[in-house]
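We will take a short tour, one selection at a time.

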Amino acid sequence: MTSSSLRSLAGTLVAIAAVATLPWWVADQYQLHLAALIAVYWVLICGLNLVVGFSGQLSIGHVGLLAIGAYGFAILAGRYEWSPYLSLLACGAIGGLCGFLLGLPSLRLPGFYFAMATMAFALIVAELTLALGDFTGGGVGLAVPPFPEPFASPEGFYLLAAGAAILITWLTRNVAQSQWGRGLIAIRDNPVAAESVGVPVFRMKLLVFVVSGMSAGLAGALFGSLQSYITPDTFVFELGLFFFVCIIIGGRGSIYGPLFGTIVLTALPEMVAPLAKLGNLFYGLALLAVVLLVPEGIGRVFEVLSARLRPRKLEHGAVEPDARRLAELLREERSR
Amino acid sequence: MGFRTRSWLAALALVASMPAWAQSTIKIGWLSSLTGPLSSAAIAENKGVEFAVEEINAAGGVLGHKLELVTRDTAGDPTKAVSFAQQLVFSEKVHFVIGPVNSGETLATVPIVARAGIPNLIIGTIDELVDAKKYPRAFRAINTNRQWIEAANKYAIEVLKKNKVAIIGDTSGYGTSSAKTATELLAKAGIKPVFSTLVDPNKTDLTDEMNKARAAGADVIMPWSAATGLLGRLINARGDMGWNVPIVGHPSVMAPAIRKLINKPQYWENTFAAGPVSTTFRADGKLPERTQALVDKLRPRLGGGEIDYLFWWVALGYDTVKIVEHMVKTAGGTDPAAIQKAFETTRELKGAYATYSWTPEDRNGFPDLDITVNVANTLKDGSFKAAPR
Amino acid sequence: MIVLVSGLAAGALFAATALAYNVMFSTSKVLSVTTGHIAMLGGVFGAYVITGLGLSPWLGLLAAILVGGLFGYLTDVIAIRRVVSRSDEHLWLLSTLALATIVQQGVGLWWGTEPRPFPRLIPQDFSAGLADQKYWLPIIATGLLAIGLELFYRRTLYGKLFVAMSEDTFAARARGIETDRIRALSYVIAGVIGAVAGFAAGQLTFAFFALGLTLTLNGFIALAVGGLGSNVGALVGGAALGLLNAFSANAIGGEYQNTVSVGLLMAVLLLKPEGLFGARNVRPV
């Protein structure tokens, strides 16, 4: 094991330990709720990141899949009294199925068409939750049951959500670092070239989209349970925009950038009252600033900074070829 | 009397155990959608809330404690409302929560505030919001949707003698559920609507819907929607068609915003809506004393001229804080259990908006008697004339 | 009959939005998310000048044109110019989406989130029924805009430059055409088209901050159905969508409005991906 991979392993362990012990060092239940909300959002955003950040398909309508997961959970676990765990898995499956059905026609479309199709999907889901009142409670909405012990308390629920978030982070990290992730990035940067070197472009895009649908379905179930009550007003189009903005601001093609984006964009408006007043205007301004100034995202700024700081330490040791960074640099050179 | 003494003792014990209470404030959390698409009611209510807090504090506070208002703007978003509700009860440790304003948000926050055991004043109208068993400390100050709809139905059927009803709702959450309740309540009176439809609140033209209602033989139009744009188009469509059919429905058909949206002032004739007695001019042309007193006190703060809000929103906001004051005085402190008891034993508390009574079984404080039907185009100073009977 | 006329009137607004999409697309190959918001600005500023400031409808129209043109220009400067030269085709989607959000929320904060009335432009009694100006103003305005645009393309030098640029930007630049200036001009023109249409349809829509996003979607559906790049297609697509919306609301109620519109889009894209009047020129490499 090289020293750098040891260091990243240690970092990962520290991060997991920090996330797992959070309930014992946050100030109060409200902050714990925020942390749980971030974890739930992250379950969705992490899957969406594969679509937006890696394969480059700009979906602004994942809030529709979130709504399907949440309503699915409320109906299965609440009305039909399925086991919450079984319902949770079923919501993941339903989310994946809906992702498949949405992706099958729309992923063939060019960028803007695809973005509009996902937006229309979110609007249709919102319309149907209202229109199918006997099933979804219509405008009044539905109560969503909590998870049983040990996940019923706020601490327990947070740990469940955090566990799901860590699991999905681990999964997407593996995907991103595999041959697969490279293939996805190739699709994002140049689909024609990717196809010509034998990347099954459409199949990969669809598969990733289905995965994101599953994570959105899971996130929806958790989100519903966290909110404890859902109405169509909960799943506004702006929420879908928010997920999307988190990824772009954090940085496409990275995992920790969007994580950072999710944490900051969820927590900031809650902490800083003037920002809350601006509401979605703030997200618009942040998105514009990032696109114009650092299109690679905030995460990239940190990468550059840490890359500048690091060589000084290396002077003391033997110089090791860092194949991964080299490859990355080469890739960036190419995409420029 | 025995209860009084006991709660006083409990309060004394509380004071003894926490000397800080002597200097501390009574914190009121106020979840208000001051921005966003549903802000007009919240902005008006906020005027009342802020004024009441200032007035009470200027008079020395409650039991020697100042009130501290902790306002959070939810922008009408249930997710934000849930977060802010958690913040208020767990971080800010407020003693009361007022709001949120919209039913969609309130449905989501009530269980959270209930879990924390904090008294919650409900100002949303959807019937499902209060439940003495599930949410024992949630008490409603506003009327229910059912009360609005029943009053309007009764007026259409018994006074106007119309029974060919056309129901028009909008496709928002509030609109669909209200239209459904309206249909159910009409069915109880043995009436099946001749025409019923839901319309996108942004639909540009309602002439078609009105034509269909007319073709179906409707003799009264009952819109259940809070979207003023939609209601403005509805009234315009009726006027442009030259169809003199009465409109009886949601209070939003008499909102000040409608006056500006309609093509001609006379289009607003023959339009009625359910509204509270407190902002209804009596036969002698005067408002009820308690309302008039509040109007006089508030007028300088609302710009000095004619009041441009539905005044009962302001009165409701004012009352919520006065209710808090009353409950703290009755309970002798802010202990939630004592506050709950104080609510449950409150009979005929006279406010500017209504006369409230709560019981151990009923969390709805607004009496049926305090609702009436108004004539929309008599809007003056945010108040109305009563509909002719 | 009323369904037909009101459907056509709403369709005219969709068609004008689709025209604005086309004009911007021709010079920059960009489909801007802000397209619907231009019409919203036209309506809001028209109402502000006429009702708020008490000026004449002509000045209101002038204000709408100025604001629309300025917004079009700013869209180019802020969201397009810096971005379009980069190879990443997604950046313009992000920058225009950001700008659209900013404009919508900004107008919401300034103008308020309730729909506000739009004044009567021509003295006419409200009992005119089908002949009411709120129906025929947007239809006539869109017709005039389409004819004007066609004349501009055919008869003027700048129009011909547009066409040249839409065929091949690089070749145009190689021939010494200042593509940056032409593109900026096209955005100004698109802004004027959208704002005039939004102004003319103001009595139908009211001055309402959230109109933009709806129009961006519906204008796009009209465009995709009619065929990207074709102005005749934009008109036909807009009319078809407006009529479909009106008749479906008439037949099954308003609950499924978006579902029906998107159903139309999907049907056309599956059967004829380039749209009814679109040219099939897929050139991914």
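Start by colouring chains A and B: 25 residues of chain A are in contact with 27 residues of chain B, where contact means that C-beta atoms, placed from the backbone, lie within 7 Å. This is a predicted model, in which local features need pLDDT of at least 70, side-chain atom pairs count only at pLDDT 80 or more, and totals for chains, interfaces and linings use all residues. Residues are numbered from 1 along each chain as its sequence is written, while chains are lettered from A and ligands numbered from 1 in the order in which they are written.

Next, select α2 (29-54) of chain A, which gives the most to the side of chain A that touches chain B, with five residues. Helices here are DSSP runs (H or I, at least four residues; strands are E, at least two), numbered from the N terminus.

Now pick helix α8 (179-189) and helix α10 (201-227) of chain A, which pack at an angle of about 110 degrees with axes 10 Å apart. Axes are lines fitted to C-alpha atoms, for helices over the stretch in contact, and angles run from 0 to 180 degrees between N-to-C directions. That makes α8(A) roughly perpendicular to α10(A) (65 to 115 degrees; under 35 is roughly parallel, over 145 roughly antiparallel, the rest oblique). Show G183(A), L184(A) and I187(A) in α8(A), which meet V201(A), M204(A), K205(A) and V208(A) in α10(A).

Finally, colour chain B by domain: domain 1 (2-145 + 297-371) and domain 2 (146-282 + 372-386), with bounds from an automatic or database domain assignment. Their centres, taken over C-alpha atoms, are 30 Å apart.

Definitions and conventions. Two residues are in contact if their C-beta atoms, placed from the backbone, lie within 7 Å.
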